[in-house]
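Here is a briefing on the structure shown below.

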Amino acid sequence: MIRERPQSFNEVPMKERLTIPRQEMPEQDAVERSGNFLEVNLGLTPEQAVIEAQRCIECKKPTCMDGCPVSIKIPDFIQLICNQDFIGAADKIKEDNSLPAICGRVCPQETQCEEVCVMGKRFEPVAIGRLERFVADYAMNHGGSDAKTIEKPEPTGQKVAIVGSGPAGLAVASDLIKEGHEVTVFEALHEFGGVLVYGIPEFRLPKVILKEEVASLEAMGVKFVKNFIVGRTMTIQELMAEEGFDAVFLGLGAGLPRFMNIPGENLNGVYSANEFLTRSNLMRGYDFPEWDTPLYRAKHAIVVGGGNTAMDAVRTAKRLGAEEASIVYRRSEEEMPARNEEIHHAKEEGVEFMNLVNPIEFISDDQGSVVAAKCLRMELGEPDDSGRRRPVPMEGSEFIMDVDMVVIAVGNGSNPLIAQTTPEIDTNKWGNIVADDDGRTSMEGVFAGGDIVSGGATVILAMGQGRKSAIAINEYLRTKVGSTS
Amino acid sequence: MYKIIKAEFIAPNVKSFIIEAPHIAKKRQAGQFIILRVHEKGERIPITIADSNAEEGWINIIVQGLGKTSAHLNTLETGDHLQDLVGPLGLPTHIENWGTLVCMSGGVGTAEALPIAAAGKAAGNRVISIIGARNKDLIIAEDRMAEVVDEVRISTDDGSTGRHGLVTDVLQDLMDEGIKPDMIVAIGPLPMMAAVSNQTKEIGIPTMVSLNAIMVDGTGMCGACRATVGGKTVFVCVDGPEFDGHQVDFKELGSRQKMYKKQEEESHKCFLERQMKKMKAEEKKAEATS
């Protein structure tokens, strides 16, 4: 498909563009922020955004779009920023991505759009993520446009139930409401957003941003129902047969947290990352006793794992007042799955990294609370199935360190609720729902996407899967009308 | 918001709530629980459903005011609303015709044992209920239990009513009378369930206990409620709440229940101080207007 090139509003001569430095985003001071839960990144200024946008060299074949799981029209929105039409730029993004303020914050741009930016081959890539964040925030603070300019589509009279209000579900809701379907999102918890509200901390994604994004979907006509567990409060069959839903999308998210199956893992003070972060983020445990949910404030906390969740947990522990908060990771920093930015921020805030170390036992006091971790030092051997070098324990390297809190952040299994209550839906040996590329499951009219299918990935990948499912659901609903009329 | 249709104290510090919840009432089975939040800054606590009515669209829970949240909950009256309510959660009780079923309950556990006793009776069992409490005033739901089972026996720690002793003593009495239970269900405080499980393990009677663990989400996402059963870690919210009492590591669960003891005391103290202030302010206001 030949793409029409956007109108260029960039008046800076091509050669000069190469000499403009990539604009740094202002941040909260590292020492100060390690004691509060306010957002770390402060966002580009309008002047910075225009300068950054002017660095775009308007490639004939813009590869950046290929790097985006939801194919945002990146060159177009960047040109609109050059023209200082920030709200127009936000609307351009929203044609493909309903949650730009969130994705501008949590997407791993360095391995997606920015990794393939042509500028990045010889210079630094255009800061696409920072620009996305800037225009989304700008639109939000200036009344946005959203529901006001988007014309209400002709109602189809067809009903879609979306199970889970995380990134996959919100993406599907946004796409299907624009098609004129009646869309209802069911959420098990008492707030909307899924992992965006219980998992990602305030200092990376302020809740007010999420609330705004949900409110804008609500303004478009999406119905949101909280405290409703599909599978328990009502089954999928009942939603379809009794409540008249024509299609269902399952965006349940990751489930049961994984543990290491080592002695002492059920001691007091040993948390799964899901629990620790949920207590802090969703339940606001960091404001205890003003808020009712208690949370450990450790002196010496360790977080086991090397992903983004581990970074969120360790930085939370630090903010809760830990004198020492350390990452314990069995491979080296090179193999860490966490984003560079998160690792960098954690280090700035005083987090220590104990790489090539693996705990083998947690030791308790006489009250059943964790007081120490027994660990082994590791070295890297031959590559394993994942292509990363396999960590191997070093002989005689056992050591014990004092800790009063442990957070296990080694991934999630799948949620068993749907498998327990809907045998018609096939699951694989890990309990994940089996779905084709477009999200179709083994049950007619039921689609699935996000972590419940993939087993654990990023916000934007879940959204990408959601958008693919939305196309398939729309197609399904069209043929359904055709066959019944 | 979820309306409280009726709230009344049924024993000192123990309150019964009838709550409007049509979806939950329609679905719930014996042994399942709900999670609720009292107010917008509240914690999520699990409570077993004692009774429900699908036609009238309500559920019944019985709450003992022990910590901050339950004490706060027990200040709510008829017509008030809960912030959040979700359920039914957990696996329903497995019921079959075992022969003779003995339901042993302590404290508010009796309210939770009620639906299981009723379901057991409906399945054809001879059902004997053993209710235990510290004293006469703390025996709850005795009449309701008597309506659904073949026989109710009572024990109190101080002998103020029923047999002077523990529920385990009453079970021993039954055995001495030649009654051999085929199945035991024990619901109550952990030490009581542990004692019953110990006793029945020795004499070889299968025993099911309903574990009350600390929970956050209640849908298998966080893992706060993990316990060790048969040497394996289980999540009480999705694998339970009922387990083989002979396999449960009660010591570990006991210490996990005390995980936030200090914080809970702090929170409870804050709450009581606030209540006291409120009362004093109201008193002053009343004085001023009189």
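A:Glu349 and A:Arg33 form a salt bridge, with 2.5 Å between the closest N and O atoms. The model is predicted.

**Domain 1 against domain 3 in chain A**

- Chain A is divided into domain 1 (9–144), domain 2 (153–255 + 413–484) and domain 3 (259–410).
- The centres of domain 1 and domain 3 of chain A, taken over C-alpha atoms, lie 33 Å apart.
- Domain 1 of chain A brings 14 residues to the contact, and domain 3 of chain A brings 13 residues.
- About 1100 Å² is buried between these two domains of chain A, and carbon and sulfur atoms give 47% of that area.
- A:Arg33, A:Ser34 and A:Phe37 supply 49% of the area that domain 1 of chain A buries against domain 3 of chain A, more than any other three residues.
- Between domain 1 and domain 3 of chain A the count is 10 residue pairs in polar contact, both at pLDDT 80 or more.
- Helix H2 (30–33) and helix H6 (100–106) of chain A each supply at least two residues of the domain 1 side that touches domain 3.
- By class, that side of domain 1 of chain A has 6 nonpolar, 4 polar and 4 charged residues.

**Chain B against chain A**

- Chain B gives 47 residues to the contact and chain A gives 46 residues.
- Together the two chains bury about 3900 Å², with 53% of it on carbon and sulfur atoms.
- Which three residues supply more than any other three of the area that chain B buries against chain A? They are B:Lys41, B:Met221 and B:Arg226, with 18%.
- The rule finds 5 salt bridges across the interface of chain B and chain A.
- B:Lys68 forms a salt bridge with A:Asp292, and their closest N and O atoms are 2.9 Å apart.
- The interface of chain B and chain A also holds 25 residue pairs in polar contact, both at pLDDT 80 or more.
- Several elements of chain B each supply at least two residues of the side that touches chain A, among them helix H1 (22–27), helix H2 (68–73), strand E8 (84–89) and helix H9 (261–289).
- E8(B) gives the most to that side, with 6 residues.
- The residues of the side of chain B that touches chain A divide into 17 nonpolar, 15 polar and 15 charged.

**Chain A as a whole**

- Chain A has 19 helices and 14 strands.
- Its C-alpha atoms fill a box of roughly 70 × 65 × 50 Å along the principal axes.
- Chain A has a radius of gyration of 23 Å, which agrees with the value near 23 Å for a compact globule with 485 residues.

**Salt bridges beyond these contacts**

- Over all chains the count comes to 48 salt bridges.
- A:Glu114 forms a salt bridge with A:Arg22, the closest N and O atoms being 3.2 Å apart.
- This pair links distant parts of the chain, 92 residues apart.
- A:Glu114 sits in the loop between H6 and helix H7 (119–122) of chain A, and A:Arg22 in the loop between helix H1 (14–17) and H2 of chain A.

Notes:
Residues numbered from 1 in each chain as written. Chains lettered and ligands numbered in written order. Predicted model: local features only at pLDDT ≥ 70, side-chain atom pairs only at ≥ 80, totals over all residues. Heavy atoms only, no water. Contact = heavy atoms within 4.5 Å. Buried area = accessible area lost by both parts, 1.4 Å probe. Salt bridge = Lys/Arg side-chain N within 4 Å of Asp/Glu carboxyl O. Polar contact = N/O pair within 3.5 Å; in protein donor to acceptor, adjacent residues only side chain to side chain. Helix = DSSP H or I, 4+ residues; strand = E, 2+ residues; numbered from the N terminus. Nonpolar A, V, L, I, M, F, W, Y, C, P; charged D, E, K, R; others polar. Domains from an automatic or database assignment. Rg over C-alpha atoms; globule rule 2.2 N^0.38 Å.
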